[in-house]
Amino acid sequence: MLKYICKRLLQAIPVLWVIITITYLMVRMAPGDPFTDEKQTSPQARASLEAYYGLNDPLPTQYYRYLVNVLKGDLGPSYKNTAYTVNELIGQSFPVSLTLGLISFAIALILGVAAGAFAALRRNTFLDHATMSVTMMGICLPTFVLGPLLVLVFAHWLRWFNPSGWYDPSDWILPSLPLGLYYAAYIARLTRASMLEVLSQNFIQTARAKGLSEWVVTVKHALRLSLLPIVSFAGPAFAGIISGSFVIETIFNIPGLGKFFVEAAFNRDYTLVQGTVLFYGTLIVVFNLFVDVIQAMLNPKIRYS
Amino acid sequence: MSERYGENKEQVSSLWRDARERLFAHKLAIFGGCFFFLMILFCALGPFIFTKYSYQEINLSYGAQGPSADHWLGTDEKGRDIFIRILYGGRISIGIGLAATSVALLIGVLYGAIAGFVGGAVDSVMMRLVEIMYSIPFTIFVILLMTLFQRNIYLLFIAVGCVEWLTMARIVRGQILAIRHQAFVEAAECMGAGNSRIIFSHLIPNVLGPIIVYATLTVPSVMLLESFISFLGLGVQPPMSSWGLLIRDGATKMSIYPWLLIFPASLFSLTLFSLNFLGDGLRDALDPKG
């Protein structure tokens with residue numbers, strides 16, 4: 001097991017390096033620079049800024065310096081929010097995004113697994129078809145459609161929630177719903193399919209023959225095994241919730257990292273963009289590693305292949 | 001093809017005929033297919049038929065009116081007709097969906113077929129590369145690409161196509177690998193067929209089913225990505241319209257002009273709905289095991 005984890009950790013290094021390098025090159029090749037904005041910067045001020053940030057050195061030198069700093073854990077100063085470093089900006093805004101992401105993830109998992117198992121146990125009945133139609137609708141209502149619609153109904157018409165902002169826990173519900181429900185729909189469909197497959201296997205019949213109660217058979221025997229594909233879907237779902245948070249944080253005006261990232265890209269805040277992409281990249285890579293390890297623990301076939 | 005083998009045509013069944021029957025039995029899939037086809041026709045021809053308003057003509061005195069006999073789906077704040085803007089938006093959204101899917105199809109099928117056919121070290125290097133690319137958060141890169149460079153729709157669909165080919169390559173490679181060592185491939189080799197002939201006229205036609213199914217499901221996911229980017233304001237730029245852009249406009253003004261959100265959002269969702277049902281039906285029809 002330890003060997004497997006080490007192997008996967010080593011594989012993560014080239015991925016992170018590719019992410020750093022692509023971002024670096026893309027940001028540098030793009031037209032425009034961080035010091036061009038509405039108020040004209042004088043040539044002297046611009047020159048001194050460029051000298052201060054070392055932007056006049058040859059590109060390979062700058063790239064090398066950046067890599068060394070990243071290895072030390074220093075993502076550099078922000079070019080636009082000059083009072084802060086990139087590390088500070090990420091540290092301030094990420095907890096907000098994390099809260100949003102975790103609530104959405106919990107909604108997706110709990111609702112998705114429950115609905116999927118429910119539909120599978122009532123296979124081909126009206127309730128099964130109804131549940132599956134609702135999940136299909138969920139898949140076709142992406143976050144940027146469902147989000148505004150929920151605001152329209154629950155904030156503007158019914159006035160149950162605030163339409164935007166992030167002040168107290170009641171503000172957490174409306175933004176997490178569109179993100180969570182979308183993935184709940186996927187998870188429900190996955191759970192149903194895999195549960196049906198598991199229920200048709202021999203060991204379920206054996207369990208029933210032993211006289212175990214229906215609850216023990218379905219929950220302890222069938223459901224546990226049907227969760228395997230859900231674990232492997234957790235990786236893509238996590239990455240999806242991150243990119244969904246860009247939209248949600250924009251719609252609900254939430255001061256999270258996603259909103260910062262979109263703004264930084266608009267403002268060509270080089271270091272903030274690079275830092276955020278690297279941060280998200282690391283997060284996704286680490287999470288995928290975590291998912292793979294759980295999968296290897298659950299299924300020995302993966303470990304030894 | 002199959003007609004040649006027997007006098008009694010009714011008894012001859014081929015893969016495609018079976019598939020067609022299974023597909024026609026799937027009512028929702030047929031409905032989805034018809035809806036999508038009509039939607040394409042509607043968006044492609046609509047602007048030639050309904051020429052009363054243009055998608056960009058601003059008429060402030062007609063600003064933000066609800067649906068009426070004149071403006072069927074109402075107007076936006078600048079007095080532009082929503083119905084026409086939805087038609088033009090559909091052209092862009094569906095167009096990008098189809099174009100980027102073709103890009104993904106071309107790269108993915110070729111890449112997967114070569115990896116599966118050649119096998120060995122080449123295959124493991126090629127698949128390793130796909131795996132590395134899989135773990136890169138591509139949506140973030142598409143956003144980056146669109147913000148840093150000019151917001152140009154050709155760049156958008158190339159970027160989207162480049163993301164979507166990975167899964168296609170994996171599926172095709174798996175399928176090719178499964179049939180690579182069957183007798184008919186050996187027979188073709190014995191008859192002196194070259195590698196490219198084996199790949200293009202023997203292997204790919206045999207894995208066409210899963211390719212069609214996955215391509216159908218790629219179209220809605222591309223449209224989703226395009227609208228997502230346009231929603232963030234990074235894709236298609238006004239006065240041009242796209243469904244993502246219309247939903248963005250609607251979302252900012254929904255408290256006072258709800259129709260600006262409701263019409264584009266429901267049309268967009270219905271189109272995704274129809275494509276997903278069509279893909280589901282095709283999967284049952286062409287790939288019963290999958």
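Author: pLDDT is the predictor's confidence in each residue, from 0 to 100. This is a predicted model: local features need pLDDT of at least 70, side-chain atom pairs count only at pLDDT 80 or more, and totals for chains, interfaces and linings use all residues. Residues are numbered from 1 along each chain as its sequence is written, and chains are lettered from A and ligands numbered from 1 in the order in which they are written.

Reader: Where is confidence lowest and where is it highest in chain B?

Author: The mean for chain B is 80, and 89% of its residues reach 70 or more. H5(B) has the lowest confidence, at a mean of 77, and H3(B) the highest, at 88. Over residues 1-8 of chain B the pLDDT is below 50, and this stretch has six contacts beyond near neighbours in sequence. Where pLDDT is low, the predicted coordinates should not be read in detail.

Reader: What is the mean pLDDT of chain A, and where is confidence lowest and highest there?

Author: The mean of chain A is 83, with 95% of its residues at 70 or more. Helix H13 (residues 300-303) of chain A is lowest, at a mean of 65. Helix H4 (residues 86-121) of chain A is highest, at 90. For the model, ipTM is 0.76 and pTM is 0.80.

Reader: What makes up the secondary structure of chain B, and how many helices and strands are in chain A?

Author: DSSP runs decide that: a helix is a run of H or I of at least four residues, a strand a run of E of at least two, numbered from the N terminus. Chain B comes to eleven helices and zero strands. Chain A has 13 helices and zero strands.

Reader: Why is A:Asn253 called exposed?

Author: A:Asn253 has 12 other C-beta atoms within 10 Å, which means exposed. Its place is the loop between helix H10 (228-251) and H11 of chain A. Phi of A:Asn253 is near 55°, a positive value in a residue other than glycine.

Reader: What makes A:Arg159 count as exposed?

Author: A:Arg159 has 9 C-beta neighbours inside 10 Å and therefore counts as exposed. This residue sits in the loop between helix H6 (143-157) and helix H7 (173-199) of chain A. Phi of A:Arg159 is positive too, near 60°.

Reader: What share of each chain counts as buried?

Author: In chain A, 37% of 305 residues count as buried. In chain B, buried residues make up 44% of 290.

Reader: How many residues has the largest nonpolar core, and which have the most contacts inside it?

Author: A nonpolar core is a set of buried Ala, Val, Leu, Ile, Met, Phe, Trp, Tyr and Cys residues joined through C-beta atoms within 7 Å. The largest one has 146 residues, and B:Val142, B:Ile143, B:Ile229, B:Leu232 and B:Ile247 have the most contacts inside it. H3(B) gives the largest share of this core, 17 residues.

Reader: Which residues is B:Val142 in contact with, leaving aside neighbours within four places in sequence?

Author: Contact needs C-beta atoms, placed from the backbone, within 7 Å. B:Val142 is in contact with B:Ala159, B:Val160, B:Val163, B:Leu225 and B:Ile229.

Reader: How many residues does each chain bring to the contact between chains A and B?

Author: Chain B brings 31 residues and chain A brings 36. On chain B, the elements that give two or more residues are helix H5 (138-148), helix H9 (208-231), helix H10 (243-253) and helix H11 (259-286). H5(B) gives the most, eight residues. The side of chain B that touches chain A divides into 23 nonpolar, eight polar and no charged residues. Nonpolar here is Ala, Val, Leu, Ile, Met, Phe, Trp, Tyr, Cys and Pro; charged is Asp, Glu, Lys and Arg; polar is the others, Gly among them.

Reader: At what angle do H3 and H6 of chain B pack?

Author: Helix H3 (residues 82-118) and helix H6 (residues 153-179) of chain B pack at about 40°, with their axes 5 Å apart. Axes are lines fitted to C-alpha atoms over the stretch in contact, with angles from 0 to 180 degrees between N-to-C directions. The crossing of H3(B) and H6(B) is right-handed. By class, this contact has 25 nonpolar, four polar and three charged residues. Right-handed means that the near helix is turned clockwise from the far one by less than a right angle; anticlockwise is left-handed.

Technical notes. Contact = placed C-beta atoms within 7 Å. Buried ≥ 20, exposed ≤ 12 C-beta atoms within 10 Å, placed from the backbone.
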